[in-house]
Amino acid sequence: MKIESLFEELDSDDAARVEAAAARLAEQADSVVPMLLRGVAGVQRTTELEPVMRVLRHIGPPAFDAILAAWQRKEVTDWQAGRFLGVFDERSADQYAALAADPNYGKSGNGFRGLVRLRVDSEAALRALVDTYARGRLVPYKAADYARLLHDSFRPRLRSLRRDPAASPRIRRGAMAALVAGGGADALDDRDRAAVERLIRVKIPHEIPRLPSSTLSGWWMAVPGASYEGVFEALGLHDRRPVTVAAGVQAAESQEIRVPGPDGADRTVGRAFVTPELDGWRLVFGPFDLLVGDPWDGMIETVERVSVHCGQAQFFFLDDAGGSDVWIVAENGRVIRQYAAESDPEWEGDPLPWETLAVDDPDFDPEYDEAPPNAGTTGARSACAYLSVDPGEVGPDTEVRGHGWLALTAPGVGHGAFPGTLRI
């Protein structure tokens, strides 16, 4: 039967005829696949590739190998190879595992994409994952997703590999990295977890803190270093752990996750970072929607609540795109001074001793200008330095005491629920 007739058979409603045609095409894969690829040379639209992709899917493993060979000869582009390699089914599970083990970043990424799509659980795929993390370079696309997808199955095997005396140090390091990629530090056994915690504590005293930039937008709180412990109860933070500033900032800026709640319904959880004591103050960073909520009433309620637990609390909010510039100071549950600007600035409370009032500004002309008696001239970016600490100025000259804490916005979740690996 001619090849064209076999292609037509693939459209048959008779499953037996389709299977027979696919088998005949697979037998001729060495000639069929090159012919198909010549017909799509230069094509850059997925819709135009779909008829070929359908045939490749039916042919199966022989077509997989033929695509790899054509890719190696540069007869298909990287983009086309990615599309073609995304069509194969469980028959090509071992081929995806072998591709994932390829040291070439692009090829390995396509292998892991196939393993994720098919949810492949095999020793070859596990070894590819370990080898990937053992290389210690840029992790291929979808490798971290695969580590998380198969984490429950892989965890005992990876832990065993960590303790296998026959495994090389490189492989044991790769197993540890794969564990962390799949389930965070919670995935490690007690011995490895203790080692990581020791490493964190060793690095903390020598770290030069760098905090998030408020360029364009940002928010944070400041509380006295002597009474900062109250912030955990005030903000409902749980499962706190010592952390470097680099890891804390990375975690606080990462995305929130959805996890099942006690009642079975999904809930959103994020991470908050409480800095070491910086020139006498601790700063708090994290997800605004979970820690504060409402853009205005939430700010007031939050800063007052935290001040009840810490004696004083300061809140800073900046959004250059939206024109918002806010700073609030509360003591013992009551706001004593606040500045809020979107178009026209507004002030409440008595001016603080360090403030320059609008009426004292050299450019203020009482004959032509008007200003409330409590109107100041300083926005959040300047006020924070007078009130506590300017995050943008934290660096080598900052007096640092203690260590930072990473905490969760909900109990019973565990740090391992968050994707990605934090830099120590």
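**Notes on the predicted model**

1. Glu-348 sits in strand S11, which covers residues 346-349, and together with Glu-342, Asp-344 and Glu-346 it makes up a negative surface patch.

2. Gln-338 belongs to strand S10, residues 334-341, and it is classed as buried because its relative accessible area is 6%, which falls under the 20% limit. Once residues up to four places away in sequence are set aside, Gln-338 touches Trp-296, Ile-300, Trp-327, Ile-328, Glu-346, Trp-347 and Glu-348. Two of these residues, Glu-346 and Glu-348, are also members of the negative patch described in the point above.

3. Which residues make the nonpolar surface patch of about 370 Å²? The patch is formed by Tyr-105, Leu-138 and Tyr-141. Of these, Tyr-105 is placed in helix H8, which runs over residues 105-118, and its relative accessible area of 40% makes it partly exposed.

4. The structure contains 17 salt bridges, and a few of them are worth looking at individually. Asp-152 and Arg-155 are joined by a salt bridge with an N to O distance of 3.5 Å, and both residues lie in helix H11 (residues 151-162), three residues apart, or about one turn of the helix. An α-helix has 3.6 residues a turn, so residues three or four places apart point the same way.

5. Asp-145 pairs with Lys-142 in another salt bridge, in which the closest N and O atoms are 3.3 Å apart. Asp-145 is partly exposed, with a relative accessibility of 38%, and Lys-142 is likewise partly exposed, at 24%.

6. For Asp-239 and Arg-241, the closest N and O atoms of the salt bridge are 3.7 Å apart, a value that still meets the criterion of within 4 Å. Asp-239 has a relative accessible area of 35% and is partly exposed, and Arg-241, at 25%, is partly exposed as well. Beyond such pairs, there is a network of salt bridges that links Arg-162, Arg-163, Asp-189 and Asp-192.

7. In helix H15, residues 245-253, the buried residues are Val-245, Ala-247, Gly-248, Val-249, Ala-251 and Ala-252. What covers these buried residues of H15? The cover includes strand S2 (238-243), strand S5 (271-274), strand S7 (281-285) and S13.

8. Leu-422 is located in the segment after strand S13 (404-408), and at 26% relative accessibility it counts as partly exposed. Leaving out neighbours within four places in sequence, its contacts are Ala-247, Gln-250, Ala-251, Arg-271 and Leu-406; among them, Ala-247 and Ala-251 are buried residues of helix H15. Leu-422 also lies 9.5 Å from Ala-185, C-alpha to C-alpha, although the two are 237 residues apart in sequence.

9. Where in the model does Lys-74 lie, given that it is a residue other than glycine with a positive phi? Lys-74, whose phi is near 65°, is found in the loop between helix H5 (61-72) and helix H6 (78-84), and its relative accessibility of 73% places it in the exposed class.

10. Asp-279 likewise has a positive phi, of about 50°, although it is not a glycine. Asp-279 is placed in the loop between strand S6 (277-278) and S7, and with 42% relative accessibility it counts as partly exposed. Strand S7 is also among the elements that cover the buried residues of H15.

Key
Residues numbered from 1 in each chain as written. Predicted model: local features only at pLDDT ≥ 70, side-chain atom pairs only at ≥ 80, totals over all residues. Heavy atoms only, no water. Patch = residues over 30% accessible without salt bridge, like charges linked within 9 Å, V, L, I, M, F, W, Y side chains within 5 Å. Areas by Shrake-Rupley, 256 points an atom, 1.4 Å probe, with all protein chains shown as cover. Salt bridge = Lys/Arg side-chain N within 4 Å of Asp/Glu carboxyl O. Lys, Arg positive; Asp, Glu negative; His and termini not counted. Charge placed at Lys NZ, Arg CZ, Asp CG, Glu CD. Helix = DSSP H or I, 4+ residues; strand = E, 2+ residues; numbered from the N terminus. Buried < 20%, exposed > 50% of the residue type's maximum accessible area, 1.4 Å probe, protein only. Contact = heavy atoms within 4.5 Å.
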